[in-house]
Amino acid sequence: MDIEAEIRALQLDSAGMTDEVDTKSQPVQAEPKVKDKEVADMDCAEVPDEMESQKKRHLNVVFIGHVDAGKSTTGGQILFLSGQVDDRTIQKYEKEAKDKSRESWYMAYIMDTNEEERVKGKTVEVGRAQFETETTRFTILDAPGHKSYVPNMISGASQADIGVLVISARKGEFETGYERGGQTREHVQLAKTLGVSKLLVVVNKMDDHTVNWSKERYDEIESKMVPFLRSSGYNVKKDVQLLPISGLVGTNMKTRVDKNICPWWNGPCLFEALDSVEIPVRDPKGPYRMPVIDKFKDMGTVVMGKVESGSICEGDSLLVMPNKAPVKVLAVYCDEDKVRRAGPGENLRVRLSGIEEEDISSGFVLSSVVKPIPAVTEFTAQLQILELLENAIFTAGYKAVLHIHSVVEECEIVELLQQIDPKTKKPMKKKVLFVKNGAVVVCRIQVNSLICIEKFSDFPQLGRFTLRTEGKTIAVGKVTDLPSRSSA
Ligand code: GTP
Ligand code: MG
């Protein structure tokens, strides 16, 4: 098989996906037979479970961090170490990278598949790939670090359960990423807001000549990152783990680093750490919610997204919200496989009947009929202001771009209701007209068209959001209240 095709087959980026459905894994699927239909019409919970029990657990991992920290290189190395990329391909990439005067980028080429990314040495689109360890099937989402592509990073992080935060230990590089305005900070704050509940922080480039596996440098980075991660809302004891690696050389990744190279590290290697991450709690019996990330035409209308709650079965009747369009599930695909049912946490492609592809946008939610997701044009939220643009005042009339699950929508702050004292967490008495950086404020937010959201207390994944202006994240927030007559 053509080596390039082999690599492409590992990567399910949305552009390539239509071809895959047509040509490989699913040679023209016939409609389910009558017998299958009978099974599919039963409650999902009644469907025989053998397939599920044999399956390994599944985790979506987003790679985040400042530009050039080594996210794609580390992702590529993981695929190489897990035996999915052969030496010949690596040699080919080494040559291609050299021809582009980007010698050291050959490992990143495994994840960075388009020409623009390879020429510039920067990820643009979120790369996707799969790999497995003893216990777990992982989907890697390789986010771009460059500040121009933060919206793509947000979409990657919103699909993830856990994050690998890649930090460069190279002299000067850790510092630029960590500074105000650097993406190390911004990505951490976004990840937390988008529901990435656990972080593995990999201190990368430990092989670099300015680092040389220095314990001092590692400790310095750890001593700065830990308080910052804590202040971003992570429980650093329970939900954060740091470890040193070299993504380029592949050290402390599949096997623990040799004591001759790094005598002071007694902790796990990356694969061990990934293997032992605990899965976030998910409710397979909750009402079905799957925000649509992308859609295309393929023997019907196919939508892509991650199941945030509930389970889906072939034959299910669902609603596409906010349009309230009734649809029927013709087929469900998990990775390349057609499956009868799928539960929360899975990244799926779902073929639907009853709706045209043009009538769906990203940000819509495939939803249960009995308990559809609320659709609103206004909501109340608690916001934490991070960093406003220079001279900007946060007050009624402030306009920003709202990012909530896969929704991206212009919004306006219509009223500031209360300022919260960050120390006591209680509302302050005096009336609030404007706030500054660092403030926590409850306000009313409006959008022009209906969006599907939930209260944070009901569905954290669908009730937390970020506000951005002119390409900068200025606030993170959670939905605290919805109008009592939301159009569900
Ligand atoms: P963006 O996608 O643009 O945000 O960058 P990235 O984080 O994906 O970084 P990428 O993997 O493209 O690597 C950037 C540069 O850092 C390349 O030159 C890599 O060879 C180099 N690099 C990555 N990991 C290591 C490492 O472990 N050691 C050394 N010495 N260099 C590394
Ligand atoms: Mg990259």
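**Close-up 1. The hairpin of strands E8 and E9 in the predicted model.** Lysine 297 has threonine 301 of E9 as its bridge partner. Four bridges join strand E8 (residues 294-297) to strand E9 (residues 301-306), and the pairing is antiparallel. Three residues lie between the two strands of this hairpin. One of the turn residues, methionine 299, has a positive phi of about 50 degrees.

**Close-up 2. A six-stranded barrel.** The strands run in the order E17-E22-E20-E19-E23-E24 and close into a barrel with antiparallel pairing. On average, neighbouring strands of this sheet are turned by 45 degrees against each other, direction ignored. Helix H8 (residues 150-158) packs on the sheet. H8 touches strand E19 (399-404) and strand E23 (464-469). The direction of H8 makes about 175 degrees with that of E23.

**Close-up 3. The pairing of E17 with E24.** Strand E17 (residues 375-385) meets strand E24 (residues 472-481) in the antiparallel sense. Six bridges make up this pairing. Glutamine 382 has its bridge partner in E24, namely lysine 478.

**Close-up 4. Helix H5, largely enclosed by the rest of the structure.** H5 spans residues 71-81, and nine of its eleven residues are buried, so the helix is largely enclosed. The buried residues are Lys71, Ser72, Thr73, Thr74, Gly75, Gly76, Gln77, Ile78 and Leu79. They pack against strand E1 (57-64), strand E2 (127-132), strand E3 (136-142), strand E4 (162-168) and strand E5 (198-204). Helix H12 (270-276) is also among their packing partners. Glycine 83 follows H5 and has a positive phi, near 80 degrees.

**Close-up 5. A nonpolar patch on the surface.** Ile393, Leu433 and Phe434 form the patch. Together they have about 330 Å² of accessible area. Leucine 433 sits in the loop between strand E20 (407-420) and strand E21 (434-435). Its relative accessibility is 60%, so leucine 433 counts as exposed; the cut-off for that class is over 50%.

**Overview. The whole chain as context for the close-ups.** The secondary structure comprises 13 helices and 24 strands. Of the 488 residues in the chain, 54% are buried. Among contacts with a separation of 6 or more, 72% join residues 24 or more positions apart. The accessible surface of the chain is about 21,800 Å². Carbon and sulfur atoms account for 50% of that surface.

Definitions and conventions: Residues are numbered from 1 along each chain as its sequence is written. Chains are lettered from A and ligands numbered from 1 in the order in which they are written. This is a predicted model: local features need pLDDT of at least 70, side-chain atom pairs count only at pLDDT 80 or more; totals for chains, interfaces and linings use all residues. Side-chain values use heavy atoms; hydrogens and water are left out. Patches are made of residues with over 30% relative accessible area and no salt bridge: like charges are joined within 9 Å, nonpolar side chains (Val, Leu, Ile, Met, Phe, Trp, Tyr) within 5 Å. Accessible areas come from the Shrake-Rupley method with a 1.4 Å probe; for residues, only the protein chains shown count as cover. A salt bridge is a side-chain nitrogen of Lys or Arg within 4 Å of a carboxyl oxygen of Asp or Glu. Buried means under 20% relative accessible area, exposed over 50%, partly exposed in between (1.4 Å probe, protein chains only). Contact means heavy atoms within 4.5 Å. Two strands pair if DSSP finds at least two bridges between them. Axes are lines fitted to C-alpha atoms, for helices over the stretch in contact, and angles run from 0 to 180 degrees between N-to-C directions.
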